[in-house]
Amino acid sequence: MSRDVTRKYVGKCQDHGSPLRRAARELHLPETYGDSYGKLLLDRPLFVPESEITAFADDLKALFGLLVSLPDRLYDGDPLRYCAALGMDPRLAELMSRGATGQPPVHARADAYHDGTSFRLLELNVGSQLGGTDSAQLNRAFLQVPAFKEFAERHRLGHVDTVARVAASLRRAAAPVTCGEPVVALVEANGGLAAYRHVFAALQEAMLGHGVRLLLGEIGELGEENGKITLHGTRLDVVLRYFVASEIVDDPAARATLDLLLTAHRTGRTAFYTTLEGAMFASKGSLAMLHDPRVRRTLSDTERAVVDRVMPWTRLLSRAGQPADEHTELLERCRTDRENLVLKPGVGHGGVGTVVGHEVTDAQWQEALATRTTGDHVVQERVRPAGEPVLDADTGDTQDWVANWGVFVDAEGYAGAFVRALRPEDGAVVAYANPGTRGTCVFTVPA
C-alpha cells in the first residue's frame, strides 16, 4: 500500500466539490464489464509501491518453484504419493496427474493481506481458471476521468493489464500449432457457462481488445478432427481451461475428452492451457507443507527466507505422516491460540468452511479442531490487515476497509492486481459470496 498517495487522494475527496470524490460512481465502463461489476465497486482505487508488489510477485514465483519441487523432495517424484499426503481424493489426484510433466506453467493469483509492513499470502490459486483477470478494464475507465487522469499523471501512476499478459501466454502456447492468429476457446465444465456467463462475456470483451477472439464452450461440446480439437466444428489452436478436476471426476465422457485434449497437446495439434497438473499445488495444504519440519529441513537458507517473508505460519491438521509427538504439539498450539488462528479447508473458495478463531467460542473452536484432523484442513496464523481508508462519496465519511489483494504472477513476474474489500463489521471473509464485498483496481506508484 502507498500511504502518501492514499492520503492525498482521500484528502482531495473530502472536498464535496472535488471531481475525484465521485469518480468511481461515474465511470464509463465497457458495457459487459459494467453489467457484471458496475454495481459492486469500491469508491476509490487502491495504490501500492511498484517496487513492493513486484518484489512480492518475485517471491511468489520462487514459492511456486518450491511447491512444484515437493513431490521430488519428499516422495521420490511420485505425484500420487504427494497428493495422498495432502489428504486429496485419489480420483482427483489421478486426474490432475494425467499429462503431468513436473513443470506446470507459472500462471497463478495470490490472495493476500497487507499487514502494514508487507504482503502476507493467504492462498495461491494456480491454473488458467482465475477470476479477476479483466480488472484493467476498470483502470482504463478511471484514466478516462479527467480529474483522475490528472492525479495519475502527477503521481506517475501505472498498472499492468493482466488480460494482455494472458493473451501473450496464449499466443506463445499457440506458436507451435499455428503461424497465424490462434483460434482460442475458453472451455468450462458441462453446465458451467450458464452460471457465470456474465463473467465470461466480460472476459471475451477484454480479450477482444487485445486481438484475441475468445470462443466459449463446455467440455461436452468438444470434438476431434484429425488429432485437432474442435468446438461446434471449429478447429481450435488453443483450449483455455476453465473447468477443474472436481467438475469432471464423475463424468466418464468428460474424462475421455480430457484424454483427447492431452493427446492433442502432446502431439502439437491443439495447445491445452493449462493442464490440470498445476492444481496439485493450489491446495492450502501444499502451502502448509512449506512450514512442516520435514520440508523445512530440505530448504536452503534462501528458500526458508522466501517462505518466512511471504507466508504466515500454516500447517496441515491431518495426523497422516506426522510423528505423534509433533502432531500432539501442533494440536496443543491450536487449542491454546484460538484468537490468532484460522481453520480452512485445503481446497475451496469464497471462505466456505472457514472457521475464524476470534469469531467463535472456545467450545466451538475445540469442536472444529476435533472434526478437522483428517482430510486436507489447515490451520493458519491470523493475518491482521492494515485498513485502507475509503471516503463514501455520498456521506463524506471515511472508514477503513479490509482489502484482499489478488496479485497475478506469470513466468515474467508481476502480472497485475485487483482488490476485493469489506468493512470490518461485515465479516471476516472478504469474497463476493459476502454481499458487503466491493471490488476495485490497483495502481502502482513508482519509487
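How many bridges join strand β7 to β8, and in which sense do the two strands run? The structure considered here is a predicted model, in which local features need pLDDT of at least 70 and side-chain atom pairs count only at pLDDT 80 or more, whereas totals for chains, interfaces and linings use all residues. Residues are numbered from 1 along each chain as its sequence is written, and side-chain values use heavy atoms, with hydrogens and water left out.

Strand β7 (residues 228–231) is joined to β8 by two bridges, and these strands run antiparallel. Here helices (H or I, at least four residues) and strands (E, at least two) are DSSP runs, numbered from the N terminus, and two strands pair if DSSP finds at least two bridges between them. Strands of a sheet pair through backbone hydrogen bonds, either parallel or antiparallel. Leucine 231 has threonine 234 in β8 as its bridge partner. Both strands belong to an open sheet of three strands with the order β6-β7-β8 and antiparallel pairing. Its edge strands, each pairing on one side only, are β6 (222–225) and β8 (234–235). The loop between β6 and β7 contains asparagine 226, whose phi is near 55°, a positive value in a residue other than glycine. Asparagine 226 has a relative accessible area of 63% and is therefore exposed; the term buried means under 20% relative accessible area, exposed over 50%, and partly exposed in between (1.4 Å probe, protein chains only).

Parallel pairing is found around strand β9. Four bridges join strand β4 (residues 184–188) to β9 in the parallel sense, with valine 238 in β9 as the bridge partner of valine 184. Strand β10 (residues 271–273) also runs parallel to β9, to which three bridges join it, and in this case alanine 271 in β10 is the bridge partner of valine 238. From β9, Val238 and Leu240 point one way and Val239 and Arg241 the other way, and all are buried. Arginine 241 counts as buried because its relative accessibility is 1%. In space, arginine 241 and glutamate 218 are 9.8 Å apart, C-alpha to C-alpha, and in sequence they are 23 residues apart.

Strand β15 (residues 388–391) is likewise covered on both faces, with Glu388 and Val390 buried on one side and Pro389 and Leu391 on the other. Four bridges pair β15 with strand β16 (residues 398–410) in the antiparallel sense, and valine 390 stands opposite glutamine 399 in β16. The hairpin of β15 and β16 has six residues between the strands, and glycine 396 there takes a positive phi near 80°.

Two further backbone features concern loops. Most residues other than glycine have a negative phi, and most peptide bonds are trans. Aspartate 76, in the loop between α3 (50–75) and α4 (79–85), has a positive phi near 55°. The peptide bond from tyrosine 273 to threonine 274 is cis, with omega near -10°, and threonine 274 is found in the loop between β10 and α13 (284–289).

Aromatic contacts were also examined. Rings of Phe, Tyr and Trp (its six-membered ring) pair if their centres lie within 6.5 Å, and planes under 30 degrees apart count as stacked, over 60 as edge-to-face and the rest as tilted. By this rule there are 15 aromatic pairs. The pair of tyrosine 9 and phenylalanine 148 is edge-to-face, because the ring centres are 6.0 Å apart and the planes are at 70°. Tyrosine 9 lies in helix α1 (residues 3–13) and phenylalanine 148 in helix α7 (residues 146–154), so the pair ties together parts that are 139 residues apart in sequence. Both residues, tyrosine 9 and phenylalanine 148, are buried. Ring pairs link a cluster of Tyr9, Phe47, Phe142, Phe148, Phe151 and Phe443.

A charge sits over a ring if NZ of Lys or CZ of Arg is within 6 Å of the ring centre and within 35 degrees of the ring normal. Arginine 333 lies over the face of tryptophan 313, at 3.7 Å from the ring centre.
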